[in-house]
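Reader: I would like to learn how to read sheets, helix packing and cores. Please take me through one case.

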Amino acid sequence: MQLKNKYVVATRPSLLATVQTEQTVNLLREKFPGIYFEIVKFSTHGDIVQDKPLNEFGGTGVFVKELEMAIDRGEADFAVHSLKDVPGIIPSQFVMASYPRREDPRDVILTNEDKTLDELAENCIIGTSSPRRILQVSKLKPGAIFKDIRGNIDTRLRKLNSGEFNAIVLAAAGLKRLGKPIPEKSFQSVDLCLPAIGQGIIGLECRKDDIDTIEMLRSINHNETEIAAKAERKFMFTIGGGCKFPLAAYAVIKNEELTLYAMIGNHNTREIIHKHKKTTIDKAEECGETLANTIKAEAEKLSISFL
């Protein structure tokens with residue numbers, strides 16, 4: 001492995017993105033103390049457009065393209081992504097080289113009255129931009145009113161504390177990476193609120209022909225996280241979805257077996273299909289593909305449209 005003395009790491013400019021990039025790069029610094037890693041921020045389309053829901057101006061991928069372009073131009077050696085922001089297909093010249101250990105994948109519902117979701121008024125106002133979260137939380141709170149919310153975590157917390165929302169839905173992973181306190185009662189069971197595909201997972205992307213960088217990034221790869229990521233993303237690729245309609249998948253690995261839980265829904269009719277499949281870890285991607293085709297077949301049989 002012929003490594004350089006310096007590597008440039010591309011990241012988004014948000015606080016969460018830079019913090020999780022710093023945390024990830026620190027894992028590499030421990031492995032390669034003689035190498036200098038420079039973190040460079042690149043604004044993405046998703047960072048610039050803050051007044052529209054993601055599914056109105058591109059959906060999945062709006063936080064990724066500019067980082068890939070920086071790698072392509074030679075301005076960065078690799079990029080650090082929240083995997084749930086990465087489309088099911090990445091350009092052929094790139095590879096997702098490494099997946100460090102997954103952080104808590106659960107969703108969190110924070111309230112401005114220190115109440116649980118059950119304790120809030122039936123017509124409470126909940127801030128989230130995610131069709132997946134809207135559909136699943138509406139099953140738990142049928143009378144809730146959902147309003148779009150964008151901005152970084154601190155911005156969302158300020159809107160909650162100011163009373164603009166009675167509750168907001170966030171990913172536990174982001175809050176934990178920023179060191180934010182999370183009341184235990186705020187965590188949502190994955191049985192009730194299935195996580196987004198790749199939620200809690202960091203993906204390290206570089207050029208496919210950059211063999212030495214790939215090998216370096218593989219040094220911090222977590223095998224079970226990689227297997228789960230590939231199963232979930234194969235499900236997403238086969239379904240053909242991003243964040244334009246409610247879609248979720250979460251893989252659990254135990255004793256060399258993988259169980260993939262998946263959900264797809266229609267946020268207009270509130271119809272929803274839940275399925276799961278168990279297999280051995282060596283068939284993770286096959287499991288994702290099979291489960292997606294099973295769900296699509298059932299949706300067609302029931303004349304349910306999810307597009």
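Author: We go through the sheets, the helices across them, and then the cores. This is a predicted model: local features need pLDDT of at least 70, side-chain atom pairs count only at pLDDT 80 or more, and totals for chains, interfaces and linings use all residues. Residues are numbered from 1 along each chain as its sequence is written, and side-chain values use heavy atoms, with hydrogens and water left out.

Reader: In what order do the strands of the three-stranded sheet run, and how do they pair?

Author: Strands of a sheet pair through backbone hydrogen bonds, either parallel or antiparallel. Strands here are DSSP E runs of at least two residues, helices are H or I runs of at least four, and both are numbered from the N terminus. Two strands pair if DSSP finds at least two bridges between them. In this case the open sheet has the order β10-β11-β12, with antiparallel pairing. The twist averages 15° from one strand to the next.

Reader: How many bridges join β10 to β11?

Author: Eight, and β11 covers residues 257-266. Ala248 stands opposite Met263 in β11.

Reader: Which helices lie across these strands?

Author: Contact means heavy atoms within 4.5 Å. Axes are lines fitted to C-alpha atoms, for helices over the stretch in contact; angles run from 0 to 180 degrees between N-to-C directions. Helix α4 (residues 131-140) lies across β10, β11 and β12, at about 90° to β11. Helix α9 (residues 284-301) lies across β11 and β12, at about 150° to β12.

Reader: What is the order of the five-stranded sheet?

Author: It is β2-β1-β3-β9-β4, an open sheet with mixed pairing. β2 (36-41) and β4 (94-98) are the edges. β4 pairs with β9 (residues 202-207) in the antiparallel sense over four bridges. There, Met96 has Glu205 as its bridge partner. Helix α3 (residues 65-72) lies across β1 (6-11), β3 (78-82), β4 and β9, at about 170° to β3.

Reader: Which residues have the most contacts inside the largest nonpolar core?

Author: In soluble globular proteins, nonpolar side chains tend to be buried together. A nonpolar core is a set of buried Ala, Val, Leu, Ile, Met, Phe, Trp, Tyr and Cys residues joined through side-chain atoms within 4.5 Å. Buried means under 20% relative accessible area (1.4 Å probe, protein chains only). The largest core has 25 residues, and Phe235, Ile239, Leu247, Leu258, Leu260 and Ile264 have the most contacts inside it. α8 (223-239), β10, β11 and α9 each give two or more residues to this core. A second, separate core of 17 residues includes Val9, Phe32, Cys206 and Met216.

Key:
Buried means under 20% relative accessible area, exposed over 50%, partly exposed in between (1.4 Å probe, protein chains only).
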